[in-house]
Amino acid sequence: MRNPIVYLILLVLFGLLVLIRVFENELFYDPYLLFFQSDYLQMDFPRREVFKLTLYTTLRYVLNTIISLGIIYVFFRDVSIVKFSAFFYLFAYVILLCFFLYFVIHPKQEDYYLFFNFRRFLIQPILLLLLLPAFYYHKL
C-alpha cells in the first residue's frame, strides 16, 4: 500500500488539471471555445489574434505539461521516465503547434474537424492519458 500522502498529492495534481479546464474561459484567450461548442461546421471561422492565441495556447500547454510531469513523477518515482516524458512533450508541442498555426492562418471549412483534434492535444492533457498506461505496461 502506498503512502496516503502520495494519493493526496495525486488528487491535488489531478484537481489542478480539472481547475484549468473548469476556468478555461476566464484564464485563457481562446475564441475557438465557443466556436467548437456550437455547430462549427455551419459557421464562419471566428476572428482571432494569432499571436495572443498562440501565447495563451502555449501557456495552457505548459501548465498542463508541468502538472502532467508531476503526476508521472509521483506515480512512477523515476526521473528517467520524467525526462523522457519532458522530451516527448517538447517534441509533441513543436509538431502540434505547427499544425495548429497552419489551421489558424489558413482556415478551411473542410479542415475544421482536423483542427479541432490538433487543438485538443494542445489544450487538454490527452498526452498524459497516453503516457501513464504506456509507462505502466513498460514497468511490468
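The following chat walks through the predicted model shown above.

User: Which secondary structure elements does the protein chain have, helices or strands?

Analyst: In this predicted model, the secondary structure of the protein chain comes to 7 helices and 0 strands, and read along the sequence the pattern is α-α-α-α-α-α-α.

User: And what share of the residues is buried?

Analyst: Of the 140 residues of the protein chain, 41% count as buried. As for contacts, among those between residues at least 6 apart in sequence, 72% join residues at least 24 apart.

User: Let's look at packing. At what angle do α4 and α6 pack?

Analyst: Helix α4, residues 50-76, packs with helix α6, residues 112-123, at an angle of about 50 degrees, and their axes are 8 Å apart. That angle makes α4 oblique to α6.

User: Which residues meet there?

Analyst: From α4 there are Thr-57, Arg-60, Tyr-61 and Asn-64, and these meet Phe-121, Leu-122 and Ile-123 in α6. Sorted by class, the contact of α4 with α6 has 4 nonpolar, 2 polar and 1 charged residues.

User: Arg-60 is in that list; which residue does the Arg-60 side chain meet in a salt bridge?

Analyst: The side chain of Arg-60 meets that of Glu-24 in a salt bridge, with an N to O distance of 2.7 Å. Arg-60 lies in helix α4 and Glu-24 in helix α2 (residues 24-27), so the pair ties together parts that are 36 residues apart in sequence.

User: Are Arg-60 and Glu-24 buried or exposed?

Analyst: Both Arg-60 and Glu-24 are buried.

User: How many salt bridges does the count come to?

Analyst: The count comes to 2 salt bridges. Besides the pair of Arg-60 and Glu-24, Lys-139 forms a salt bridge with Asp-78, where the closest N and O atoms are 3.3 Å apart. Because Lys-139 lies in helix α7 and Asp-78 in the loop between α4 and α5, this pair ties together parts that are 61 residues apart in sequence. Lys-139 counts as partly exposed, at 46% relative accessibility.

User: Staying with that loop between α4 and α5, what about Arg-77?

Analyst: Arg-77 is placed in the loop between α4 and α5, and Arg-77 has a positive phi of about 55 degrees although it is not a glycine. Most residues other than glycine have a negative phi. At 48% relative accessibility, Arg-77 counts as partly exposed.

User: Switching to α5, what should the helix span, and how far apart are its ends?

Analyst: Helix α5 has 27 residues, 79-105, which at 1.5 Å a residue should span 39 Å, and its end C-alpha atoms are 38 Å apart, which agrees.

User: Which residues in α5 are buried?

Analyst: The buried residues of α5 are Ile-81, Val-82, Ser-85, Tyr-89, Ala-92, Tyr-93, Leu-96, Leu-97, Phe-100, Phe-103 and Val-104. Ala-86, also found in helix α5, is partly exposed with a relative accessible area of 31%, and its C-alpha atom is separated by 8.0 Å from that of Thr-65, 21 residues apart along the chain.

User: What is Leu-97 in contact with, leaving aside its neighbours within four places in sequence?

Analyst: With those neighbours left aside, Leu-97 is in contact with Thr-54 and Leu-122. Leu-97 has 13% relative accessibility, so it counts as buried, the cut-off being under 20%. Leu-97 and Phe-118 are 21 residues apart in sequence, and their C-alpha atoms are 8.4 Å apart in space.

User: Now α7: which residues are buried there, and what do they pack against?

Analyst: In α7, Ile-126, Leu-127, Leu-128, Leu-131, Leu-132 and Phe-135 are buried, and the buried residues of α7 pack against α1 (4-22), α4, α5 and α6. The 14 residues of helix α7, 126-139, should span 20 Å at 1.5 Å a residue, and the end C-alpha atoms are 21 Å apart, which agrees.

Note on methods: Residues numbered from 1 in each chain as written. Predicted model: local features only at pLDDT ≥ 70, side-chain atom pairs only at ≥ 80, totals over all residues. Heavy atoms only, no water. Axes fitted to C-alpha atoms, helices over the stretch in contact; angles between N-to-C directions. Helix = DSSP H or I, 4+ residues; strand = E, 2+ residues; numbered from the N terminus. Parallel < 35°, antiparallel > 145°, perpendicular 65-115°, else oblique. Contact = heavy atoms within 4.5 Å. Nonpolar A, V, L, I, M, F, W, Y, C, P; charged D, E, K, R; others polar. Expected span 1.5 Å × (residues − 1). Buried < 20%, exposed > 50% of the residue type's maximum accessible area, 1.4 Å probe, protein only. Salt bridge = Lys/Arg side-chain N within 4 Å of Asp/Glu carboxyl O.
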